[in-house]
Amino acid sequence: MTTVSWPGRLFDMRDTLVRMALLDLAGLGYLLFVPHSASTPTTTQWILAVLAFTVGLAVHRWPVVNLLTQAALLTVAIRLVDDFTINQVGASWALLEITMRARRSRTIWLSAALLVVVDLTDSVGDPVGQVASGVVGLALEVGVPVLLGLVIRTNRELSRQAVERAVAEQRQHESESRAARADERSAIARELHDVVAHHVASMVLRVGVARHVLTDLDPRVGEVFDDVHGTGTSALAELRRLVAVLRNPDGVRGDAALTAIEPSALPAAIGASIDRARQAGVTVEADLDPAIGSLDAVRGMAVLRLTQEALTNVAKHAGTSALAHLVVAVRDGSVHWEITDNGRGGVPAGVPAGGGHGITGMRERVEVLGGRLEAGPTDTGWRVRTVLPAVAAAPADPPAGSVPRDREAPAGSPAPEPA
């Protein structure tokens, strides 16, 4: 945290009243405690001093008015009293305030010239030697306030310029970061469009052709073709949506990560994922809380993606004859999500082993929402569960003892998740 020193704070533009109050207290102390040529200050000296104190406090926001008044009081004091130090200091301080705060340099030099003229009135009619001594005294009465004020003005201007440069550099850095992120999004969008979407579209097209060419297929094979064609078509739609988001996030309504589904459609989307898993041969028992239809879009999307990834993992690692149990419940605003499988099925042929990132992606998605993902073997198979809090908290570290599915599992447990 940045701190401000007392000298810097004392000469702040906003603290003129504090400065004048301190100056008046110093002047009062001078009158009461500093020895004078006379035994005590005269009544006239006290009147002129009190007037100087009062004017300084009353017009502290208007330095030019203060200087003119203090110069007039100094002129009177030079004529009426022997010790006019209080009025002299008051006029010099008024010149300091003008030097610090004037918007035009001409105001500073005119004010300094006025004070020089007033101070030289004390030397009118004096011998040349005394006049020369008075001129030298102007270095303290006029030169020092002007010099100190110019130094303060320069430091203040340098500080302002430094702040402006820092803000400009920060804006430039943010602009460069946005440009770099835009370039990255564009590159990812090109890869998705030119490679992934192209191959998925090719597969969907070939499946569609096969459905029309092969007319004497077994009905079960036809159902598989229909499922593959529907799944591929849905994947293409999501890919197109994702490419549009990556190329122009501001042109997509809502948050870029939440455009795939509306919250009210969550139960139907989870049901579709369960149906696809069942069509693949997995037995799925689902216990879905009706309240999930009113979840916010952020947690609703997380629940859908977790369910899709977990059911896919069951089919890949526990086998298509496995039994999976899905539970999604809303309690006190928090979403409790869990899926378990018995792990008795074999791993489908053609599924590569090792190197998977499914659990890692699930964990990252959960931690962004302030939850934590637990994944690991059970006595009968595998379990993945989490709690998504109602209010996002700071991301938590993975619980001790949790075992990612990517890591090597004990003998007899489902195979590691592929990439």
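**Close-up 1. Glutamate 164 teams up with arginine 160 in a salt bridge.** The closest N and O atoms of this pair sit 2.4 Å apart; a salt bridge here is a side-chain nitrogen of Lys or Arg within 4 Å of a carboxyl oxygen of Asp or Glu. What you're looking at is a predicted model, where local features need pLDDT of at least 70, side-chain atom pairs count only at pLDDT 80 or more, and totals for chains, interfaces and linings use all residues. Residues are numbered from 1 along each chain as its sequence is written, and side-chain values use heavy atoms, with hydrogens and water left out. Both partners belong to helix 7 (residues 128-213), 4 residues apart, or about one turn of the helix. Helices (H or I, at least four residues) and strands (E, at least two) are DSSP runs, numbered from the N terminus. Glutamate 164 counts as partly exposed at 44% relative accessibility, and arginine 160 gets that label at 38%. For these labels, buried means under 20% relative accessible area, exposed over 50%, and partly exposed in between (1.4 Å probe, protein chains only).

**Close-up 2. Here are some other salt bridges, out of a count of 8.** Aspartate 218 pairs up with arginine 220, with 3.3 Å between the closest N and O atoms. Aspartate 218 is partly exposed at 33% relative accessibility, while arginine 220 is exposed, with a relative accessible area of 63%. Another salt bridge ties glutamate 374 to arginine 385, their closest N and O atoms being 3.0 Å apart. That pair links distant parts of the chain: glutamate 374 sits in strand 4 and arginine 385 in strand 5, 11 residues apart.

**Close-up 3. Aspartate 119 is buried but has no salt bridge.** You'll find aspartate 119 in helix 6 (residues 105-120). The nearest side chain of opposite charge is arginine 79, 12 Å away (Lys and Arg count as positive, Asp and Glu as negative; His and the chain ends are not counted). So what does aspartate 119 contact, leaving aside neighbours within four places in sequence? Its contacts are Leu74, Gln88, Leu138, Glu141 and Val142, where contact means heavy atoms within 4.5 Å.

**Close-up 4. Five strands make an open sheet with mixed pairing, in the order 1-2-3-5-4.** Two strands pair if DSSP finds at least two bridges between them. Strand 1 and strand 4 (373-377) stand at the edges with a single partner strand each, so one side of each has no neighbour in the sheet. On average, neighbouring strands of this sheet are turned by 10° against each other, direction ignored. Axes are lines fitted to C-alpha atoms, for helices over the stretch in contact, and angles run from 0 to 180 degrees between N-to-C directions. Helix 10 packs on the sheet, touching strand 1, strand 2, strand 3 and strand 5 (382-388), and its direction makes about 5° with that of strand 3.

**Close-up 5. Strand 2 has partners in strand 1 and strand 3.** Strand 1 (residues 283-288) runs parallel to strand 2 (residues 323-331), joined by 6 bridges. With strand 3 (residues 334-341), strand 2 pairs in the antiparallel sense over 8 bridges. Follow valine 327: its bridge partner is aspartate 287 on one strand and glutamate 338 in strand 3. Strands 2 and 3 form a hairpin with 2 residues between them, and aspartate 332 in the turn has a positive phi of about 55°.
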